[in-house]
Amino acid sequence: MPAHDRILAFLSAVKARLDLAWLVRAFCGSLLLVGSVLCIWCLVWVWRGYAVPASGYIAAAVALPFMALAAWMLGRASQRKAARIADEHFGLKDAISSHLGFTDEHREGAFIALQAEATAVRVQALSPRSIPVQWPRRMLTIASVLLMACFVMGFKKDSPLVLERIALETETLRKSDEVNKELEKQVEELLKTATDEEKELLHPDEWRQWVKDLRETKDRKEAMRQYAELERKISEAAQKLSQRDAEQLLAKAAQEMKQTAELKPISKSLEEQNYRQAASQLRQMKLQADVRKPDEAQKELARLKSASQRMAAAARNFQQRTGQQGNQGKGNQSQPSQNQNAQQSGQNQQQSQGQQGSQGQQSMDQQMTSLEQAVQNLEQQLQQQQQQNQSQSQSQSQSQCQACQNQANQALQNLTQSMCQSSAKRDMMKKLQSLGQCAGKCQGFMCNKEGQSLSQCMGTQPGGKKAGSGSVESRRAESDATQDNGNRDQLTGQKGSGPSNTSIESADSGTGRATRAATLQEKAFQRQVESFIQREDVPAEVKEGVKEYFKGIQQVGNESAAPAAK
């Protein structure tokens, strides 16, 4: 075998020995590092009071061989390093390093061959096993202590506080899931039962998004915060639908209408806040008579005129109280101008459409005054028609009467639509308030520690026992003293004479006697409620102190009054 090959074989054996020694050190270092990290991780869990999860031990066992292998691959000895260590360990005076240098430089000659042969002869007698492979005892000891500590900490269980916290988080997570489903159900029922008018007041997609934003959480504070936010949004939505001014106006209109007998049904509906029924009753006053017959038209107009005057009086009173008289004046000024345009043009349909757009922007009090103005205009036109005799002027007057009648019907329709909208807003506000109460009860369910279910907190399935048995007051052992009120009634006449609702019948034969057996029984819990009401929780010492305090005040008052009298 050539000398160069023998040297390389020896060098490969030395390199394998060095790699083995580095593998031992890499494994011990990785073991120390993994043990330190695992110990710190266990201490964090133990310090917080939790049991150490087994996932940490599994991760450490998986990471240890990969970490040791990576360190060994990165720290393996090269051929030059192995030659240098072999020269130092065996005292070859850089013979192997020099041979590698000559080989890399491709130097040849007798001297080079002689040096290689001499080096091969020397290394042939040497053993690479003489290079020591030492286990770092200190590092292994520290790593063993750390791993033993981690092993001991693995048996520690959760503390009582942690167990209570985990139970609370589990309960909060379960309750939040139930509450989210219940709220989603309530919102869907609200949107499902809402009418078309009520749906226009809401935004169903926005409400559904609010419910979808509710998250299942383990943190009770976070859960309460999101439910409180939802309740705030519901309250704001209900507040926007508040019709307090409109309700006050309609209540005042009900008081005005009550003074007229034929308007009492409408007044009763308004007092009961049944605005839809009141609107339906007002629609029955729609003017349908032929304007070519002024007598019939005026007779039909009388009832609507009475209602419009009463409502207009209530509207003016409301405007004076709220300071909206200027707006009402503007509405009255715009109304005659529109009437004149309608009378001059004679186009009834276009005028009614334009009037509908203008009336839709008016408030309810302005609509009431507009209705009164339209009724007055129609009444004036009918009176003028009766006074006119010429055919041309009479036809023109009829067209003007028809325009005024359409205008009055349009004003009546706008008013009834506003009343229906107020009713829809009121109904929707009640539903939103009920939904807000539901959200509040859900918050109470989240904080409930009595083990009640969500249905019990919501009131759908109330708990408790059956109703108890009450006592008969007419058969109490105690009796109340009869007090003399000073009233005296004196009966006159002959006993047994006069009409009577009862009669006495005597049996032809037979004897008998009716008896009633009475037994004394113990009556338990007869006056339990009365005892709670009549009991006195104030101690006697406090009563005596209060009594002495007022006596002292009275004495001081008498003493100050005596010198003043002198």
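This is a predicted model: local features need pLDDT of at least 70, side-chain atom pairs count only at pLDDT 80 or more; totals for chains, interfaces and linings use all residues.

Modeller: Residues are numbered from 1 along each chain as its sequence is written, and side-chain values use heavy atoms, with hydrogens and water left out.

Colleague: What is the mean pLDDT of the protein?

Modeller: pLDDT is the predictor's confidence in each residue, from 0 to 100. Its mean for the protein is 77, and 76% of the residues reach 70 or more. Over residues 325–360 pLDDT stays under 50; for that stretch the model has 41 contacts (heavy atoms within 4.5 Å) beyond four places in sequence.

Colleague: How many helices and strands does the protein have?

Modeller: Helices (H or I, at least four residues) and strands (E, at least two) are DSSP runs, numbered from the N terminus. The protein has 21 helices and zero strands.

Colleague: What percentage of the residues is buried?

Modeller: A residue is buried under 20% relative accessible area, exposed over 50%, and partly exposed in between, with a 1.4 Å probe and protein chains only. Of the 566 residues in the protein, 33% are buried.

Colleague: How far apart are the end C-alpha atoms of helix H6?

Modeller: The expected span of a helix is 1.5 Å times one less than its number of residues. H6 (residues 137–153) has 17 residues and should span 24 Å, and its end C-alpha atoms are 24 Å apart, which agrees.

Colleague: Which residues of H6 are buried?

Modeller: They are Ala-143, Leu-146, Cys-150 and Met-153. Seen down the axis of H6, the buried residues fall within an arc of 85 degrees (taken from the directions from the helix axis to the C-beta atoms), so they line one face of the helix. These buried residues pack against helix H1 (3–48) and helix H2 (54–74). The face turned away from the buried side carries the exposed residues Arg-137, Val-145, Met-148 and Val-152.

Colleague: Where does H2 bend?

Modeller: The bend at a residue is the angle between axes fitted to the seven residues ending there and the seven starting there. H2 bends by about 25 degrees at Ala-63, and Pro-65 follows within four residues. Buried in H2 are Gly-56, Ala-60, Leu-64, Ala-68 and Trp-72, and the buried residues of H2 pack against H1.
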